[in-house]
Amino acid sequence: MTERTTNLPAALRRRREYAGPILFSYGFRPFFLGGAVWAALGVLLWLPQYFGELSLPTAFTALDWHIHEMLYGYVAAIVTGFLLTAIPNWTGRLPVNGYPLAALSALWLAGRVAVAGSAIWGAELAAVIDVAFLATLAAMALREIVAGKNWRNLRVLIMLGVLIISNIVFHLEAIERGSANYGIRLGIAAAIGLIMLIGGRIVPSFTHNWLVRNNPGRLPRSFARFDAFALGAGALALALWIVLPQLAVSGVMLIIAGVLQAVRLARWAGDRTCADRLVLVLHVGYAFVPIGFLLLGAAILWPSEWPASAGLHAWMAGAIGLMTLAVMTRASLGHTGHELVASVATQVIYFCALIAALARIVTAFEPSSALLHAAAFAWVLAFGGFATVFGPLLFGRGRA
């Protein structure tokens with residue numbers, strides 16, 4: 001070991017000395033790849049279940065399995081990859097890698113297997129294995145944030161805690177009642193809350209940086225009282241929707257929150273970013289947050305005309321699908337030393353995800369087997385495309 005290496009801080013020295021598989025060198029690598037594969041595979045398994053052509057040995061109903069695996073399988077994986085990559089930047093500490101990261105990845109995979117086969121080895125055992133993953137992640141994240149004295153980002157752990165609680169509620173409802181309700185709404189609300197919180201930081205930040213370099217002029221508005229008010233209104237609307245999903249007050253609050261989130265998005269100068277698809281897609285993805293609020297609010301106030309599934313899929317397929325892909329592609333390029341440019345293949349991935357979201361929303365208004373298959377096909381192309389295009393890069397070779 002050279003004198004220069006010896007004088008490095010222990011954490012940085014351990015990072016530089018890491019000699020294991022590239023896949024487990026950083027959190028985004030296994031979880032972005034595994035999450036994308038599962039997002040595509042999960043829909044491929046869901047569609048034949050929807051049409052009664054396939055039955056999994058799960059203790060969940062087919063619909064509950066689908067929702068659970070999108071929330072606590074796919075979303076949980078991407079949240080994990082994001083947090084394990086962002087926390088070292090927040091704290092200046094060593095990223096989780098090597099055997100601990102491989103073990104956490106194995107625990108996530110065990111959860112998918114446990115839930116899929118829960119009718120065989122028991123719903124209770126599956127619940128313990130599944131919940132253990134997010135609980136372990138929270139413990140890791142809390143340790144790093146506290147050790148790094150990065151108190152500001154403890155608020156992200158609050159949303160992670162809500163996601164853990166919602167998963168526990170999901171399992172308890174499924175075991176006791178045979179179907180989940182509160183667990184579904186809690187999980188979706190936690191995911192949208194994370195997007196409002198984290199997206200509200202990264203979208204204007206990345207937009208500002210790009211505009212300053214490439215398109216001087218109007219810039220995103222800085223975080224202000226209006227943003228705090230919009231976040232508070234959104235949180236209140238989500239809370240009312242979780243507890244009182246049929247009351248008119250919940251519908252009104254959802255619509256108010258949707259308008260506020262739309263204004264918030266308009267303040268970020270997204271219309272000036274068309275030349276950079278990596279930035280533009282963040283704005284397009286976030287746009288489905290207010291759309292979801294508005295559609296769900298309308299579904300409560302005018303249920304005969306506005307199906308609730310339209311709002312749910314605006315959030316799940318639109319906001320979550322596009323925002324996670326936007327973060328995954330950008331982080332994968334940036335943290336592997338590649339230029340932050342959306343290749344043609346990357347833009348096709350975004351386009352397929354957008355088509356999947358729009359088709360699924362339209363299907364809620366006009367039920368159609370063809371549209372449903374088109375939405376599923378576009379979704380699989382988007383996430384299978386990410387795994388295909390970015391997989392070699394995440395394994396430490398190739399270009400996106």
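In helix H11, the residues Ser250, Gly251, Met253, Leu254, Ala257, Gly258, Leu260, Gln261, Arg264 and Leu265 are buried, where buried denotes under 20% relative accessible area, exposed over 50% and partly exposed the range in between (1.4 Å probe, protein chains only). The model is predicted, so that local features were required to have pLDDT of at least 70 and side-chain atom pairs pLDDT 80 or more, whereas totals for chains, interfaces and linings use all residues. Residues are numbered from 1 along each chain as its sequence is written, and side-chain values use heavy atoms, with hydrogens and water left out. Helices (H or I, at least four residues) are DSSP runs numbered from the N terminus.

The cover over the buried residues of H11 includes helix H9 (182–214), helix H10 (225–243), H12 and helix H13 (308–334). The 19 residues of H11 should span 27 Å at 1.5 Å a residue, and the end C-alpha atoms of H11 are 27 Å apart, in agreement; the expected span is 1.5 Å times one less than the number of residues. The loop between helix H11 (248–266) and helix H12 (277–301) contains Ala269. Although Ala269 is not a glycine, it has a positive phi of about 60°. Ala269 is buried, with a relative accessible area of 0%.

Salt bridges were defined by a side-chain nitrogen of Lys or Arg within 4 Å of a carboxyl oxygen of Asp or Glu, and seven were counted by this rule. One of them joins the side chains of Arg112 and Asp130 (2.7 Å, N to O). Because Arg112 lies in helix H5 (residues 99–116) and Asp130 in helix H7 (residues 123–147), this pair ties together parts that are 18 residues apart in sequence. Arg112 and Asp130 are both buried. A further salt bridge is formed by Asp227 with Arg264, whose closest N and O atoms are 3.2 Å apart. This pair links distant parts of the chain, with Asp227 in helix H10 and Arg264 in helix H11, 37 residues apart. Asp227 and Arg264 are likewise both buried.

A nonpolar core was taken as a set of buried Ala, Val, Leu, Ile, Met, Phe, Trp, Tyr and Cys residues joined through side-chain atoms within 4.5 Å. The largest such core has 129 residues, of which Ile192, Phe293 and Trp315 touch the most other members. Helix H4 (residues 62–91) contributes the largest share of this core, 16 residues. With contact meaning heavy atoms within 4.5 Å, and residues up to four places away in sequence not counted, the residues touched by Trp315 include Ile192, Leu254 and Phe293.

Helix H14 (residues 344–365) contains Ala359, which counts as buried at 9% relative accessibility. Leaving aside neighbours within four places in sequence, Ala359 is in contact with Leu371 and Ala375. In helix H15 (residues 369–394), 26 residues should span 38 Å at 1.5 Å a residue, which agrees with the 36 Å between the end C-alpha atoms. Just after H15, Gly396 takes a positive phi of about 100°.

Definitions and conventions:
Helices (H or I, at least four residues) and strands (E, at least two) are DSSP runs, numbered from the N terminus.
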